[in-house]
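What follows is a walk through a predicted model.

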Amino acid sequence: MTALPGIAVLVSGSGSNLQAIIDASEAGAIPAKIGVVLSNNAEAYGLVRARNHGIPAEVVDHRSFENREAFDARMVEIIRSYGAELVCLAGFMRVVTPVFLRAFPQRIINIHPALLPSFPGTHGPRQALRYGVRFSGCTVHFLDEGVDTGPVIVQAVVPVYEDDTEETLAARILKEEHRIYPMAIRLFLEGKLSISGRRVITRETGRIPDFSRRNPDA
Ligand code: GRF
């Protein structure tokens, strides 16, 4: 039996997306095992989730490095030591440098809680509420040198309601994140994604019948 490819997951906080990836891996829904979980934050609950499932979990405190590049170089070294084929950022709150990007070209993906290119950066649900959009959602994308600007792999849409708070909207979005992140990982590992300029070509065409939604649905 050949060993499953390994993925590295980077977290800074709760790690609910990490949990979705762990669950998908254990259920055989993605053809990979998580080789290592890394966090810049020793308090991240994601580390506990990893250890609960017997996954190696390491802390690399960014504050103990002279600059971002030195921190990234250490992260690269650890990820390479686990032989990871794909690097997944899941609530990882550090901007990475070219040192990190160049180490894993077209092999780093991220999840963002908005429909990019709307509302990049922090507080996606808050930005969507303040702007007053009727729909928001989440995006899995390849990482590039910008902040939340890389080629889009999968998106999911959720309605925004007038009585939403940041918390209720974030929870609705998060539920979709947990569906599309494992899906994007599966597509990547099955070799079904290729990048053409800004566009990701997916060799799997799931079309949505009669897709048209209004909000409010009057
Ligand atoms: C998610 O909303 C993700 O999109 C964003 O940070 C949050 C992380 O949540 N980048 P969790 O740590 O996976 O629960």
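S14 places a polar side-chain atom 3.3 Å from an oxygen atom of the ligand. E177 also has a polar side-chain atom by a ligand oxygen, here at 2.8 Å. With N17 the backbone is involved: one of its polar backbone atoms is 2.8 Å from an oxygen atom of the ligand. The residues surrounding the ligand are S14, G15, S16, N17, G91, I111, H112, P113, L174 and E177.

This list can be set against the division of the chain. Domain 1 covers residues 1–105, and domain 2 covers 110–211. Between the C-alpha centres of the two domains the distance is 20 Å. Domain 1 contributes 21 residues to the contact, and domain 2 contributes 16.

How much area is buried between domain 1 and domain 2? The value is about 1,500 Å², and carbon and sulfur atoms supply 74% of it. On the side of domain 1, the residues that lose the most area to domain 2 are N17, L89 and L101, which together make up 32% of what that side buries.

Polar pairing across the boundary can be counted in two ways. There are zero salt bridges between domain 1 and domain 2. Residue pairs in polar contact between the two domains number three, with both partners at pLDDT 80 or more. On the side of domain 1 that touches domain 2, the elements giving two or more residues are α1 (16–26), β4 (84–89) and α4 (98–103). Of that side, α1 provides the largest share, with five residues. By residue class, the side of domain 1 that touches domain 2 comprises 17 nonpolar, two polar and two charged residues.

Salt bridges do occur in the structure, which holds eleven. One of them joins the side chains of R126 and E166, with an N to O distance of 3.0 Å. This pair links distant parts of the chain, 40 residues apart: R126 belongs to helix α5 (residues 124–131) and E166 to helix α6 (residues 166–189).

The backbone has a few features to note. Most peptide bonds are trans, and most residues other than glycine have a negative phi. Against that background, the peptide bond from L116 to P117 is cis, with omega near 15°. P117 sits in the loop between β5 (108–112) and α5. A cis peptide bond also runs from N215 to P216, where omega is near 5°. P216 lies in the segment after β9 (199–202).

Q106 is part of the loop between α4 and β5.

Notes
Residues are numbered from 1 along each chain as its sequence is written. This is a predicted model: local features need pLDDT of at least 70, side-chain atom pairs count only at pLDDT 80 or more; totals for chains, interfaces and linings use all residues. Side-chain values use heavy atoms; hydrogens and water are left out. Domain bounds come from an automatic or database domain assignment. Contact means heavy atoms within 4.5 Å. Buried area is the accessible area (1.4 Å probe) that two parts lose on being put together, summed over both. A salt bridge is a side-chain nitrogen of Lys or Arg within 4 Å of a carboxyl oxygen of Asp or Glu. A polar contact is a pair of N or O atoms within 3.5 Å; within protein, one must be able to donate a hydrogen and the other to accept it, and residues adjacent in sequence count only if both atoms are side-chain atoms. Helices (H or I, at least four residues) and strands (E, at least two) are DSSP runs, numbered from the N terminus. Ala, Val, Leu, Ile, Met, Phe, Trp, Tyr, Cys and Pro count as nonpolar, Asp, Glu, Lys and Arg as charged, and the others, Gly among them, as polar. A residue is near a molecule or strand if one of its heavy atoms lies within 4 Å of it.
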